[in-house]
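Visitor: I have a chain to look over and a few questions about it. Could you take me through the fold?

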Amino acid sequence: MSTIKRIAIFGSTGSIGTQALEVIAANPDKFSAEILTAHSNEVLLIKQALKFNPNCVIIGDERKYQIVKSALSNTMIKVFAGEKALEEVAAMDCYDMMLAAIVGFAGLKPTIKAIENGKPVALANKETLVVAGDIVMRMALEKRVPIIPVDSEHSAIFQCLIGEGRNRVEKVILTASGGPFLGKKPNFLVNVKREHALKHPNWSMGAKVSIDSATLMNKGLEMIEAKWLFNLKPDQIDVVIHPQSIIHSMVQFEDGSIKAQMGLPDMKLPIQYAMAFPQRIQNSLPRYDFKKSSVLNFEEPDIKTFRNLALAIHAMNKGGNLPCIMNAANEIAVYAFLKNRINFLDMTALVEKTLESIPFIEQPTLEEYFDTDGEARNFAASLIEL
């Protein structure tokens, strides 16, 4: 029996997906890329497929199917296209673990299919739990499917909790770098442009996550994700600004003891940890050197200036479909900002207006989550001037 773990990378051309393929390339005796998917980047998908020779690839944009099909015609790689294909392939038995790295709400349906199929999920798509965490985690529990977080903060908490199953958690502390605008006030932020917001000081991330980090929405989404992943109450989740991004998050236990997971900011480490779990495997990534370190700082987040975090805390506390509404509005807002259609501070206003306008449902069904998402997107888009 082969000991090579077959990885299905849903979102292989994004920041997480490309780094996961670097981990696979460095460990060919441990991992193979069985499935690769991309939304519209057919050039990179083709390049990845020719290098890693997966069982199948999916291009979300059906108009690009023939391009991918032709480019891979001399291989045995199966080529599929369209959103429905993502779900159908996620339901296949040809892989051992899904790396859920599709950005945004689009990652929810394939992840649910993988769980229904009994496949372990390395979760890099936080929106899956933000939108429908109650249903997804219940399903994972029923199917006895492990959900192993890839986000550096949730990976840190996961690692801190190993061996602590019988010990009560007092709270978890998510660290945030503060993004590129740490310490700035609204009179500065009103003039922020796309290229400024994309320049994260510590992490190499995709455009959507970089903007979310700049607005602190990313930390709000992570608080909601942590609530579901670790079965926490909202008042057990704190956020602290830590500009150096060396401590990735902490867990405080009922005796007051705090465990922290540390390391240099490199997403390949939590990706590798999730894919290899429960083993840790050797790598050649740079190490943190305490002898060369200067200081580690911590401070309160400024939620008066970065109100997205306050909105997310409100959505987490109220629950129901509110996080789903917030996520949908935020995806529209970030897209509009990246297209230079709205300014930096408009994103928060758009999310807030949408939260106030879409009907609240206390205990939504999965279908109601999908309806809420569509309704919130349409409303948010209507607020943007053409």
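Predicted model: local features only at pLDDT ≥ 70, side-chain atom pairs only at ≥ 80, totals over all residues.

Visitor: How far apart are the end C-alpha atoms of helix α6?
Guide: Helix α6 covers residues 127-143, which is 17 residues. A straight helix at 1.5 Å a residue would reach 24 Å. Helix α6 falls short of that, with its end C-alpha atoms only 21 Å apart.

Visitor: On which residue is the kink in α6 centred?
Guide: The end-to-end span of α6 is short of the straight value. The helix also has a kink of about 105 degrees. That kink is centred on G133.

Visitor: How many of the 17 residues of α6 are buried?
Guide: The buried residues include E127, T128, L129 and V130. G133, where the kink is centred, is also among the buried residues. Helix α6 is largely enclosed by the rest of the structure, because the number of its residues that are buried is twelve.

Visitor: Which residue just after α6 takes a positive phi?
Guide: Helix α6 ends at residue 143. Just after α6 comes a phi of about 55 degrees. The residue with this positive phi is R144.

Visitor: Is F290 buried or exposed?
Guide: F290 lies in the loop between α12 (268-276) and α13 (307-318). With M262, L296 and F298, F290 makes a nonpolar surface patch of about 370 Å². The cut-off for exposed is over 50% relative accessible area. F290 has 57% relative accessibility, so F290 counts as exposed.

Visitor: How many residues apart in sequence are the parts tied together by K268 and E22?
Guide: K268 and E22 form a salt bridge, with the closest N and O atoms 3.4 Å apart. K268 lies in helix α12 and E22 in helix α1 (residues 15-26), so the pair ties together parts whose separation in sequence is 246 residues.

Visitor: What is the N to O distance in the salt bridge of K291 and D289?
Guide: K291 counts as exposed, at 76% relative accessibility. D289 counts as partly exposed, at 26%. Their side chains meet in a salt bridge with an N to O distance of 3.6 Å.

Visitor: Where does R377 lie, given that E331 is in helix α14?
Guide: E331 forms a salt bridge with R377, and the closest N and O atoms are 2.8 Å apart. This pair links distant parts of the chain, 46 residues apart. E331 is in α14 (residues 322-338), while R377 is in helix α16. Both E331 and R377 are buried, and the helix that holds R377 is α16.

Visitor: What kind of aromatic pair do F181 and F344 form?
Guide: The structure holds eight aromatic pairs. In the pair of F181 and F344, the centres are 5.3 Å apart and the planes are at 85 degrees. Planes over 60 degrees apart count as edge-to-face. The pair of F181 and F344 is edge-to-face.

Visitor: Which residues form one aromatic cluster with F181 and F344?
Guide: F181 is buried, and so is F344. Both belong to one aromatic cluster.

Methods. Residues numbered from 1 in each chain as written. Heavy atoms only, no water. Helix = DSSP H or I, 4+ residues; strand = E, 2+ residues; numbered from the N terminus. Expected span 1.5 Å × (residues − 1). Bend = angle between axes of the 7 residues up to and from the residue. Buried < 20%, exposed > 50% of the residue type's maximum accessible area, 1.4 Å probe, protein only. Patch = residues over 30% accessible without salt bridge, like charges linked within 9 Å, V, L, I, M, F, W, Y side chains within 5 Å. Areas by Shrake-Rupley, 256 points an atom, 1.4 Å probe, with all protein chains shown as cover. Salt bridge = Lys/Arg side-chain N within 4 Å of Asp/Glu carboxyl O. Phe/Tyr/Trp six-rings, centres within 6.5 Å; stacked < 30°, edge-to-face > 60°.
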